[in-house]
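Hi everyone, thanks for coming. Have a look at the model on the screen, and I'll walk you through a few places in it.

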Amino acid sequence: MAEARVKTKGGFPVERIGSHEWRIRVGAVPGMRVPGVVFATEELLEKAIEDRAVEQVANVATLPGIVRASYAMPDIHWGYGFPIGGVAATDIEAGGVISPGGVGFDISCGVRLLRSDLDWERDVKPRMGELVETLGRHVPRGTGRGGRIKLRGAEMDQVLREGVRFALARGLGTEEDAEHCEDHGVLDWARPEYVSDRARERAADQLGSLGAGNHFLEVQVVEEVLDPEAARVLGLHVGQVCVMLHSGSRGLGHQVCTDHLKDVDATSRRLGIEVPDRQLACVPVEDPVAQRYLGAMAAAANFARANRHVLAHTVREAFGMVFGGGKPLSMPLVYDVAHNLAKIEEYEVDGRVRKLCVHRKGATRAFGPGHPELPGRYRGVGQPVLIPGSMGSASYVLVGTEEAREKSFFSTCHGAGRAMSRTKAKKVMSGHELVRQLRAEGIAVAVSQPKLLAEEAPYAYKDVSLVVKACEGAGLSRTVARLRPVGVVKG
Amino acid sequence: MASMVRSAPPPFEVLEHTADVGLRARGRTLGEVFANAALGLAEILGRRVEGSADGSRVAVRVSSTDLEALLVDWLNEVLFELERREACLAGARVREVRAGEAPAVEGELLVLECPEAPEGTEVKAATYHQLSVRAEEGGYRATVYFDV
């Protein structure tokens with residue numbers, strides 16, 4: 001084991017307490033109520049220290065009612081308020097708070113994986129150009145772009161209340177899609193009445209749209225299976241073509257956060273809650289202001305699930321145009337899970353089962369085997385966790401572990417984690433050069449804003465393989481399969 | 001719009017952040033700072049047009065709990081107006097920034113159809129992270145980070 005202590009830029013030490021675990025002691029930042037714990041290898045920790053992410057872990061530890069520790073996953077990087085990769089749970093009965101910044105503006109942003117019966121070499125490789133071109137033509141994407149469904153009248157309320165059920169009732173998708181989605185595709189405690197007219201307006205034409213930024217659709221091939229039994233249960237095998245979708249709640253979620261953060265900030269000040277970064281503004285979960293936010297957040301989460309569900313249907317149609325004689329291809333949903341959300345979950349803390357508000361900001365819920373909320377098919381292996389790599393690099397499918405219940409409130413990483421600012425990334429290479437490079441590597445690309453592509457270049461991110469390995473080393477999740485991209489569709 | 005801030009380049013700079021993007025705006029008055037911050041946001045969005053007097057005027061009025069929050073609310077309002085109109089920003093003028101008790105800002109945006117499809121960074125919202133509005137020699141300086 002190398003250095004046992006590493007100093008952050010903030011001047012406080014981070015101590016090694018396990019092979020993949022580091023601690024920030026209470027007191028490193030004034031007001032810390034619990035320690036900070038970063039799950040990482042030394043190499044990944046060094047990267048996190050290069051920006052302000054580790055200080056942010058300590059800041060989160062000041063939240064009222066926080067229990068055990070302020071956690072950071074191995075893909076931790078600098079966020080706004082919370083670090084990206086941050087997990088914090090607060091004890092509701094003990095005045096524990098909810099902080100909208102611990103969920104973020106893209107409420108319930110998440111990942112969905114579809115599997116197919118198509119073989120890469122035999123079926124898809126010869127028609128890859130046609131496939132990506134068809135996907136590019138049919139999948140709505142780009143900043144502010146309209147989606148597949150324009151919501152009229154009461155339909156928005158229905159989406160906000162029903163999540164994927166709204167789309168199922170209109171003949172899009174299958175019952176299995178709902179079963180294999182986190183919370184069966186709907187949070188039944190959503191309160192659409194707390195979603196403003198402005199939020200509704202921003203998203204009225206966005207259902208079924210990918211968006212821009214780091215959101216994407218990738219055609220991927222299962223390159224390696226690392227856990228054959230879990231892969232069999234998840235329906236994955238080497239050479240199989242899959243589609244990974246990364247998107248969120250679009251303008252609706254952004255506006256819900258903006259609206260409610262303003263109320264939470266004002267209330268937090270009125271209540272005299274002091275936090276080291278204003279973006280950590282928070283109120284006790286039982287306060288009416290918090291309840292309104294949670295209801296609106298759940299409604300935005302329902303929108304996000306419905307959005308990815310409708311996108312998936314469009315993908316099946318596009319595949320059907322190329323491989324199914326025009327009929328949507330049956331591409332079963334492996335799983336759909338968010339990485340920006342707060343949930344009310346129960347855990348034993350200090351010998352007593354408590355109701356906690358678990359914030360996961362750039363972290364994925366990862367229930368271990370046997371968890372009652374998992375679909376029957378997956379209960380034996382644990383919850384599937386979908387980890388997109390940076391564009392052009394591998395992605396991973398993981399499963400949750402029982403060990404993570406104690407270690408991280410059943411949480412693991414959410415991606416590679418950024419390592420370079422957008423400005424720097426664009427200086428390394430232009431978007432057009434990157435497109436050429438990806439194509440030279442055999443990856444078909446459909447991109448509507450090529451200039452921006454370099455912001456999301458693989459070199460702007462950490463090595464996702466190291467992140468996933470660190471999660472496994474820390475006991476947060478197990479690696480099931482590695483997928484490599486063969487086609488990228490972006491806004 | 002005699003005092004419309006339109007000179008190029010306006011006094012703002014884009015700040016680096018690992019995942020997101022920051023903005024520092026300066027001005028002789030708070031009004032100029034707010035106007036320049038609006039132009040800086042439009043620059044990040046790829047929705048800034050220089051040297052045009054055409055376009056329609058959009059009135060923006062916002063009130064907040066304090067001056068810093070007022071800047072965030074103002075920028076979120078600018079973001080919303082540009083997005084809903086799918087428009088570019090040719091200029092911004094702030095008639096009044098009321099600090100102290102019940103802070104408020106009244107301003108006007110000069111917006112027009114974008115000459116070409118914007119190729120800027122998608123901004124979700126202005127945040128309170130490291131937010132500041134403070135006096136400095138010769139005027140004021142504001143710092144704000146956006147979630148992108």
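**Around one alanine in chain B**

Let's start at Ala37(B): setting aside neighbours within four places in sequence, its contacts are Phe12(B), Leu23(B), Ala25(B), Leu71(B), Leu75(B), Ala142(B) and Val144(B). By contact I mean two C-beta atoms, placed from the backbone, within 7 Å. Before going on, this is a predicted model: local features need pLDDT of at least 70, side-chain atom pairs count only at pLDDT 80 or more, and totals for chains, interfaces and linings use all residues. Residues are numbered from 1 along each chain as its sequence is written, while chains are lettered from A and ligands numbered from 1 in the order in which they are written.

Which residues touch the most other members of the largest nonpolar core? They are Val38(A), Ala37(B) and Ala38(B), in a core of 227 residues. Helix α11 (residues 288–323) of chain A gives the most to this core, 19 residues. A nonpolar core here is a set of buried Ala, Val, Leu, Ile, Met, Phe, Trp, Tyr and Cys residues joined through C-beta atoms within 7 Å. Buried means 20 or more other C-beta atoms within 10 Å of the residue's own, exposed means 12 or fewer, and partly exposed is in between. Helices are DSSP runs of H or I with at least four residues, strands are E runs of at least two, and both are numbered from the N terminus.

Now the helix pair. The axes of α1 (residues 30–45) and α2 (residues 67–85) of chain B come within 10 Å and cross at roughly 45 degrees. From α1(B), Phe34(B), Ala37(B), Ala38(B), Leu41(B), Ala42(B) and Leu45(B) meet Leu71(B), Trp74(B), Leu75(B), Val78(B), Leu79(B) and Leu82(B) of α2(B). That contact has 12 nonpolar residues, no polar and no charged.

On to the chain contact: chain B puts in 28 residues and chain A 38. On the chain B side, α2(B) has the largest share, 6 residues.

Most residues other than glycine have a negative phi. His184(A), though not a glycine, has a positive phi of about 55 degrees, and Ala102(B) has one of about 45 degrees. Is His184(A) exposed, partly exposed or buried? With 18 C-beta neighbours inside 10 Å, His184(A) counts as partly exposed, whereas Ala102(B), with 10, counts as exposed.

Note on methods:
Axes are lines fitted to C-alpha atoms, for helices over the stretch in contact, and angles run from 0 to 180 degrees between N-to-C directions. Ala, Val, Leu, Ile, Met, Phe, Trp, Tyr, Cys and Pro count as nonpolar, Asp, Glu, Lys and Arg as charged, and the others, Gly among them, as polar.
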